[in-house]
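Welcome! Please have a look at the sequence and the structure before reading on.

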Amino acid sequence: GGACESWGGLQAVRLLRSDDRSLWRSTHAVREASLRTADACIADAQQGEAGRGEAEAGGAEEGPQWRWLRNRRFNAATNAFIQVAGHSNLFERLCESVIIKQSSTPERAAYEGISATPLGPFVPRCLCACQRGEVQLLYIEDLTARYRRPCVMDVKVGTRTFLEADAASTRRRVDLALKMLAVDPAALSEEEAAAGVTKMEYMRWREVTSSSATLGWRIEGIRRARGGAAASHYPAPKLLREPEQLEQAVGWFCEGRPAVRRAFAARLAELRAALEASRWFATHELVSSSLLLLYDGDPHGAAPPGLWMIDFAKAAPLDGALVLTHRAPWQPGNCEDGYLTGVDSLLHLLSRPDPLAGECNPSGRSRPSRRARGASQSGAERA
C-alpha cells in the first residue's frame with residue numbers, strides 16, 4: 001500500500017517547537033524556521049503518498065505532490081547530511097530537520113512502541129511512516145539540525161550484534177568475506193575467502209576484533225567538526241579494542257572539554273535508569289542498535305551535548321513471558337544481547353576524568369597527548 005501514517009503526524013513536528021523543557025530534558029528544540037519547513041514537507045509527503053496510492057490503484061501516473069517529494073528527496077546538492085557509520089544508501093534528507101530512512105517493519109514498530117514510553121525522550125522523533133511495497137519509509141528528526149558544527153560519534157551497543165536466526169544459517173557469503181579482507185587483509189586465507197563466510201562467522205569476527213565482545217560496545221565512527229576547516233574523522237575506529245585505545249578516541253572526540261564529557265555521562269546515566277525501569281526494554285531484544293553522541297563544535301552554539309538511541313532494524317519483541325536482563329551472557333535461545341553491559345562500560349569510561357583535558361594549543365583547542373597522537377598514526381597505517 002501507499003498509505004502514509006503518522007503517530008501524531010504534524011502534531012509530532014510541532015512538539016519539537018515546544019518550550020516545555022521536561023519534554024526534551026537537556027536538549028533544545030529545533031529552530032523555528034526549520035520546523036515550519038518540516039510542517040510543509042510532512043504535509044506534502046502525506047498528500048503525495050495518498051495521491052500515489054490512488055494513482056497506483058487506478059493505473060494513473062503519480063500525482064504532482066509525490067513527484068515534488070521524490071525530486072526533492074533525491075537532489076544530492078541540497079540533501080547532503082552528516083553520517084559517520086551505517087549504510088548511506090538508506091538515507092535521504094527531506095528538509096533541514098527531517099531525514100527519510102528506508103527501513104523495515106520491526107524498526108517502525110520499535111519507534112512506535114518506544115515513543116509511548118518514558119524512553120521516548122531518548123530517541124529521535126519518528127514523525128510519520130509510509131509503506132512502499134516491502135520498504136518502510138520513516139520520516140525521522142535529524143538530530144544534527146540543532147547544532148552549528150555537529151561533532152558526532154556512533155557507538156554500537158551490545159555484546160551480541162547478530163540475530164539468533166543468523167547463528168543457525170550455514171549459507172556462505174563471499175561478500176562478507178570481502179568485507180573482512182577490506183578491514184584486515186590477513187583475516188582469511190585465499191581458500192576461505194573464495195568459499196565465503198557465514199553471517200555468524202562475520203558478525204563474531206566483528207565482535208572479537210573490536211571491543212564488542214569484551215566491553216559490550218564499539219565505536220563505529222567519529223566525526224569532529226571545526227570552524228572553517230574540513231571535518232576530521234578518527235582513523236579505523238572499528239578496530240579499537242583495548243580500553244586505553246577507546247579512552248584516547250573518546251578524548252579526541254570530546255577535544256579535551258570536560259563539560260562535554262560530563263554532559264554525556266549524565267545523559268547516559270539517565271538513559272540507563274530509564275532502561276532499567278522500562279517494561280518495553282525488558283521484553284525486547286535490541287541487536288545491533290547504536291547510541292549517537294552529539295555536541296556542537298562551535299563554542300558559541302546554544303544546543304547542549306546530547307545522546308540518543310538509534311537503529312532499531314533488529315529490535316524484536318520476545319515470545320511468551322521471557323524477560324531479559326540485557327546483562328547476562330548470551331546462550332542460544334535466551335535472547336540476551338548485552339545491551340546494558342555496554343551501557344555500564346561506556347558510562348564507566350565517560351565518568352572518568354578526561355586524560356586530554358587541559359592539553360590545548362595556543363588557539364585554545366584541545367591538543368591530543370603524545371600517546372593519543374601515536375594511536376591515531378598507527379590507526380591511519382592500519383586504515
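Buried here means under 20% relative accessible area, exposed means over 50%, and partly exposed lies in between (1.4 Å probe, protein chains only). Helices (H or I, at least four residues) and strands (E, at least two) are DSSP runs, numbered from the N terminus. This is a predicted model, in which local features need pLDDT of at least 70 and side-chain atom pairs count only at pLDDT 80 or more, while totals for chains, interfaces and linings use all residues. Residues are numbered from 1 along each chain as its sequence is written, and side-chain values use heavy atoms, with hydrogens and water left out.

**A helix with a buried face**

Let us begin with helix α5, residues 105-115, whose buried residues are E107, R108, A110, Y111 and I114. Viewed down the axis of α5, these buried residues fall within an arc of 160° (taken from the directions from the helix axis to the C-beta atoms), so they line one face of the helix. An α-helix has 3.6 residues a turn, so residues three or four places apart point the same way.

**An enclosed strand**

How many of the eight residues of strand β6 are buried? Eight of the eight, so this strand, residues 150-157, is largely enclosed by the rest of the structure. In a regular strand the side chains alternate between the two faces of the sheet. Both faces of β6 are covered: on one side P150, V152, D154 and K156 are buried, and on the other C151, M153, V155 and V157 are buried as well.

Strand β6 also has a partner, where strands pair if DSSP finds at least two bridges between them. Eight bridges join β6 to β10, residues 289-296, and the two strands run antiparallel.

**Charged pairs**

Side chains of opposite charge can pair when their charged atoms come close. A salt bridge here is a side-chain nitrogen of Lys or Arg within 4 Å of a carboxyl oxygen of Asp or Glu. By this rule the count comes to 18 salt bridges. The table shows three of these pairs.

| Pair | N to O distance | Relative accessible area |
|---|---|---|
| E220 and R218 | 2.7 Å | E220 8%, R218 3% |
| D344 and R272 | 2.9 Å | D344 24%, R272 25% |
| E276 and R327 | 2.7 Å | E276 47%, R327 36% |

The salt bridge between D344 and R272 links distant parts of the chain: D344 belongs to helix α14 (residues 339-351) and R272 to helix α12, 72 residues apart. Both D344 and R272 are partly exposed.

E276 forms its salt bridge with R327, and this pair also links distant parts of the chain: E276 sits in helix α12, and R327 in the loop between β12 (315-317) and α14, 51 residues apart. E276 is partly exposed, and so is R327. Salt bridges that share partners join R272, E276, R327 and D344 into one network.

**Cysteines without a bond**

A disulfide is a covalent bond between the sulfur atoms of two cysteines. Counted as a pair of cysteine sulfur atoms within 2.5 Å, the structure holds zero disulfides. For C254, which is in no disulfide, the nearest cysteine sulfur is that of C151, 9.3 Å away. C254 is buried, with a relative accessible area of 0%, and C130 is buried with a value of 0%.

**Some loop residues**

A236 lies in the loop between β8 (229-233) and α11 (243-254) and is buried, at 18% relative accessible area. E255 is found in the loop between α11 and α12 (258-276) and is buried, at 3%.

Our last stop is S169, in the loop between α6 (164-168) and α7 (174-183). This residue is partly exposed, with a relative accessible area of 30%. S169 and T198 are 29 residues apart in sequence and 7.0 Å apart in space, C-alpha to C-alpha.
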